[in-house]
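Here is a short briefing on one protein model. Please keep the sequence and the 3D view open while reading.

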Amino acid sequence: MPEMSDPVSGASPQAHGHVPSPPMLPPWVPALASRCRALSIWIVQSRQRPRVMDDEHEPLCTQWLASALGLMADIGEDRVPGLWIADVTPGQSGTCTELRAVAIGPELFRQRLFMDACGRAGLDCTEVERALQPHARWASSSAWLLGEVAARAARDEALLHQHREAIGGFTRQLTDSYETINLLYALAREMDDPSKPGEIVNHVCERLAECGALGFVGVAFGQSRSTPPEIRGRVHSTGRTFIVEWFRHAGHGLAERCGEWHGTNIVSSNDSGAPVDLVVHPLCVAGQPMGVLVAGDRSSRDGPLSSYESQLVEAAGRYLAGFLHNCSLYAQQQALFLGTIKALSASIDAKDRYTRGHSERVAHLGRRLALAIGLSEDQAERVHLSGLLHDVGKIGVPEAVLCKQGRLTDEEFELIKAHPEIGARILEGIPLLEDVLPGVLHHHERYDGKGYPARLAGEQIPLVARILAVADAFDAMSSTRSYRPAMSREIVLQKMREGLGTQFDPVLGEVFQGLDLSEYDRLVAQAESAGSPGPVPMTITSNRAAA
Ligand SMILES: [Fe+2]
């Protein structure tokens, strides 16, 4: 009685201990087996321990074949009439495994092997014959073609697989390129305001995480002078809490070491101490390190971080570094611009030692009042600039008149009254200062229409000019001038209340009463310590109170 066989291979248990497991199949073999089944050919792996490629629709055929081939291997038989076996040699692609093609002819059912294989597998001979009969299409005269047919099919499948892989790789590359372009497009759209680098850095973190399906993206900056001042030493990040927490502490160290990174690197968690592997990209401007962009915790793709994530982070990093360079240049330009404006206004104030720091204080109060009535930061900044420049026209007023002790003659007062128009003419050719002109030209208009130069009234007066009128008068009354002393805070505010609706816009004047003046007082103290004179009595009715 034959030994019980393995239900899959058909080989005897004794053979198991001596025969190694079949080698891994090339990925195209299942497709080959399926294709050959249409030709009544079975594909079998391994000669010693035959494994018939599964045919779930005809399990009887598969079981009998496994049993028959196992039996033949055990008894050392390799030729049985009606059971045709040929090696499949598809060329280079097929050399990694041992494949055989098996087909049957009508004479098989008369062979002893047929019944022995049925018995070995515990199968009913009649049922097996009924299942195999439709496939017994390979007569002995055509059996010699079996190897050639199977080999051609194998070559086709190997080639098809190769092409599918190439197309798959190309598709992945296209998808990756699309994602990169999409990211850069989104970043380009959002990188529109060089005055807010912090906001843009946050956008970059979010976009990169979204586009690269990364669970964590962070940016840390060192203290380099090439970094925009607003974000120096800052850490930005988005992602899962445990990595964000780690980066909050480790980010500064990475940023300080960013000069050590050369190009974009994939760094394992073992080397970095991070909770996940990271792509690390140093942010540099003209060779000067600014900080570091890191990303990791890939959420949607299998396997470790790859060149795709590395390229994506590098693309975003280069874009961000370029933008931050622009931010630095913008900040420098703004600082230079504002410094020049401040120097100009200070030089005008300095013509009269009693007005030292006046423009800066008016600018400060104008900004505070603008914010208090609900204007935006940007609008308040323009009011501040208007305040710095509001008296620039005094550059065209003779110093002897500006600094005259005692009461002015009518002619001298007319010269003083020309300063708003002189100032507007000086600034009108400067495109960046177009919105400053109304404040400069009209800051001496009165709400009741009795001011100068245009005698505008009420809301005909530009808002910035109404704001500056309040701030200008407050500072004028609060500080000592050559012709009169300063008034106490209480009296100044009282005088301003009396001027609501006549000298001042009543709404603005009312809001002004509630402003916090501590920073203003600091500026006054600063000017006094620089040599401004102390307070002396005065009244608001002076013809130069607000000049
Ligand atoms: Fe003025």
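Two strands pair if DSSP finds at least two bridges between them. Helices (H or I, at least four residues) and strands (E, at least two) are DSSP runs, numbered from the N terminus. This is a predicted model: local features need pLDDT of at least 70, side-chain atom pairs count only at pLDDT 80 or more, and totals for chains, interfaces and linings use all residues. Residues are numbered from 1 along each chain as its sequence is written, and side-chain values use heavy atoms, with hydrogens and water left out.

**Overall make-up**
- The protein chain has 20 helices and 9 strands.
- Of its 547 residues, 48% are buried (under 20% relative accessible area; exposed is over 50%, partly exposed in between; 1.4 Å probe, protein chains only).
- Take the contacts (heavy atoms within 4.5 Å) in the protein chain with a separation of 6 or more: residues 24 or more positions apart account for 66%.

- An open sheet is formed by 4 strands in the order 2-1-4-3, with antiparallel pairing.
- Strand 2 (51–52) and strand 3 (83–88) are the edge strands, each pairing on one side only.
- Strand 1 (residues 42–45) pairs with strand 2 over 2 bridges, in the antiparallel sense.
- Arg-51 in strand 2 is the bridge partner of Gln-45.

**Iron site**
- Asp-391 (OD), His-419 (NE2), His-443 (NE2) and His-444 (NE2) coordinate the iron ion at 2.1 to 2.4 Å.
- Donors are N, O and S atoms within 2.8 Å of the metal (3.2 Å for Na, K and Ca); water is not among the atoms, so sites may look incomplete.
- The 4 donor atoms subtend angles of 82 to 166° around the iron ion, so the arrangement is irregular.
- Four donors count as tetrahedral if all angles lie between 85 and 135 degrees; four count as square planar and six as octahedral if opposite donors are over 155 degrees apart and all others between 65 and 115; anything else is irregular.
- The donor residues follow the spacing D-x27-H-x23-H-H in sequence.
- Asp-391 lies in the loop between helix 12 (377–389) and helix 13 (399–402), and His-419 in helix 15 (residues 419–427); the pair is 28 residues apart and links distant parts of the chain.
- Asp-391 and His-419 are both buried.

**Helix 19**
- Leu-508, Gly-509, Phe-512 and Gln-513 are buried in helix 19 (residues 506–513).
- They sit on the same side of helix 19, because they cover an arc of only 145° around the axis (taken from the directions from the helix axis to the C-beta atoms).
- Their cover includes helix 11 (358–372), helix 17 (463–478) and helix 18 (489–498).
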